[in-house]
Amino acid sequence: MLSTKLLPNIGRTRATFTSKCLRFTTPTTTSLTLDSYRETSFQSNVYARNRVIDNQIKSGALNTALKLFDEMPIRDVVTWNLVISGCGRYGHPSQALCLYNQMISQGIKESGSTLSSVLSICCDAGLYDGGIQVHSRVIVLGFSMNHYVASSLVDLYMHIGLVGLSLKLFNDLSHRNLAVWNSVLHGFCELGRSNDLLGSFFSMNLEGVEPNGLSFCYLIRGCGSERLLDEGKQLHCCAFKLGWVAANLFVANALVDFYSACGCFVDAKKSFETIPLEDVISWNSVVSVYAENGFVLDALEMFTWMQLWGKRPSVRSFLGFLGLSSWTQNLIIGRQIHCCVLKSGFDCGSVHVQSALIDMYGKCGEIDNSVSLFESVPARSLGCCNSLMTSLLYCGIIEDVVEMFGLMLDEGIGFDEVSLSTTLKALSVSISGSLASCTLVHCCAIKSGFESEIAVSCSLIDAYSKSGHVTLSQQVFEKLSSPNVICFTAIINGYARNGMARKCLELLGIMIQRGLKLDKVTFLAVLIGCDHAGLVEEGKMVFDSMKSIHGIEQERQHYSCLVDLLGRAGLLDEAEELIKQAPVKGASVMWSSLLHSCRVHKNETVGHRAAEILMELEPENHAAWFQASKFYSEIGDFEMSVQVKEIAMAKKMRKEIGYSLIEVNDHICH
């Protein structure tokens, strides 16, 4: 049988072969054929076992797959690749690397897939030293130009933060495919380097590599992190034209996240409505953006729908609701969200939620709850300390803010720009606040490198100016490399507070020269400076320029300031006309100011009108009536003065009568 099969291979022309030769040839040929058969049989068996292992891993039965792997007498590189990647997929990076070491020790040469998988596992698990060692194997085995391996290496070094090395490996590739480009985009996205991210996208297009859904996810997410609205909108258009918005759910959801992060409520809502409810990933983004824009009922409805679809609320949803509760001082919603937080287990699992809860109760005036939450936190974090500090400041418990800062230093919690700024604000309004205290906090800011932070600098400027040390405020301001509108407003406020109106006007001119966009607060600070210094013409010019030149509508505070300035200067008729042009809300303050000026300048005509209007606007305010009574007394109308005073006394009696307590020898006395 064997000789017959061999005849075609040997050739019929070899008739000279003797039978002896055939006897020696036949066993050898039989042995070769049997080995070939056995090898094919083993390969077939390994292939079949590999398929079973692969199916077990895909179905989630990793332990079964590993058991089959251990029972295999012969394994090939595919077998090893399957179990290594399987262990990595199911969160066992150490076991995956252990298998990889066994593979090398048994003399099995890695493939590109092996190296790519192991590098990805090292990258995801943060085992960077192991990844660098695998890079050595890549070089030795000559896989440096393999696109999948190169992509994994680029991703690894991006995660480590060695961007230069990552880009060198990237640039060394003769041809860069989409997978490698996506690794670069992913790296820049994670590092928050939006300029490099967008630059890579343009370079990618120049090389003719068309982005896919994953590319757009990285790009859109990067723009969302940096709040780059215009660039994100351009990417939205590009993704829409290429069909990825409709075809890729992750891109559609990334757009919801992007617009939510940028605070674009309408665009976030539109992007959300294009996604089928069962496919929405960005529920938490939508709930958050509704809450952040003050749409309480819509946010709660979305929150309910989200849970009906089996989606678990995340930290972002809770932060949105708690932020809304703080902003609106809605304690009812805040408490309901607190209950949800407790049920979801975020009260101990998230520092951000803990901080938001402390802040919410503080802003709602429930400072006792804020303190209780702070004391129940397992480990006091910087965020929680900052939230309690701002809550104490909001509730006017000033001295405790300063004590809190000392506690943070003593316990080694540390501090940041929020801690420093809050402490300085507390010192600026504290009775016990002194120059020495401000200087001490200033030293902490310098040593920690937070002095250049806008919030800290402005708080320093404010604290020094309130204590009368304007020169120190000026020094802090002059150290700022590029002061913005907030910084200018802070120093203008400092000058105004200390009667240095000319300096206020000078800085206003500098702001205009630099092209800074002035706001209502800046103009109010300048007007206050003019009011304190009695600069009537300058004040009128600044007031008029608000709307005519800068397009800013004057508000009640601006009118009040100018009315006071005109009244002090004795221009009472002009002040009266200005009040009539002012917004109705809060006009009683202006009439009160005008009446005071009329008493100073002995103007009975304008004073009569001001007193009558003031009493009409404030029928229940006894202080306003007492002021009118004093005016009538000063102009000699004693009968009217007595009548108004009696009415004022009656109104005052209807108020709750206050009383004080003192403690004498452990006894409370009224």
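Two rings of Phe, Tyr or Trp are taken as a pair if their centres lie within 6.5 Å, with the six-membered ring standing for Trp. In this predicted model, that rule gives a count of 16 aromatic pairs.

Phe272 belongs to helix H16 (residues 265-273) and Trp283 to helix H17 (residues 283-292), so the contact ties together parts that are 11 residues apart in sequence. Phe272 counts as buried, at 6% relative accessibility, and Trp283 is buried as well, with a relative accessible area of 1%.

A further edge-to-face pair is formed by Phe303 and Phe321, at 5.3 Å centre to centre and with 80° between the planes. Here, too, distant parts of the chain are linked: Phe303 sits in helix H18 (residues 296-308) and Phe321 in helix H19 (residues 315-328), 18 residues apart. Phe303 has a relative accessibility of 6% and so counts as buried; Phe321, at 0%, is likewise buried.

Phe201, Phe202 and Phe216 come together in one aromatic cluster.

Charged side chains meet aromatic rings as well. Arg75 places its charged end over the ring of Phe69, 4.1 Å from the ring centre. Arg176, in turn, lies over the face of Phe170, with 4.7 Å to the centre of the ring.

Conventions:
Residues numbered from 1 in each chain as written. Predicted model: local features only at pLDDT ≥ 70, side-chain atom pairs only at ≥ 80, totals over all residues. Heavy atoms only, no water. Phe/Tyr/Trp six-rings, centres within 6.5 Å; stacked < 30°, edge-to-face > 60°. Helix = DSSP H or I, 4+ residues; strand = E, 2+ residues; numbered from the N terminus. Buried < 20%, exposed > 50% of the residue type's maximum accessible area, 1.4 Å probe, protein only. Lys NZ or Arg CZ within 6 Å of the ring centre and 35° of its normal.
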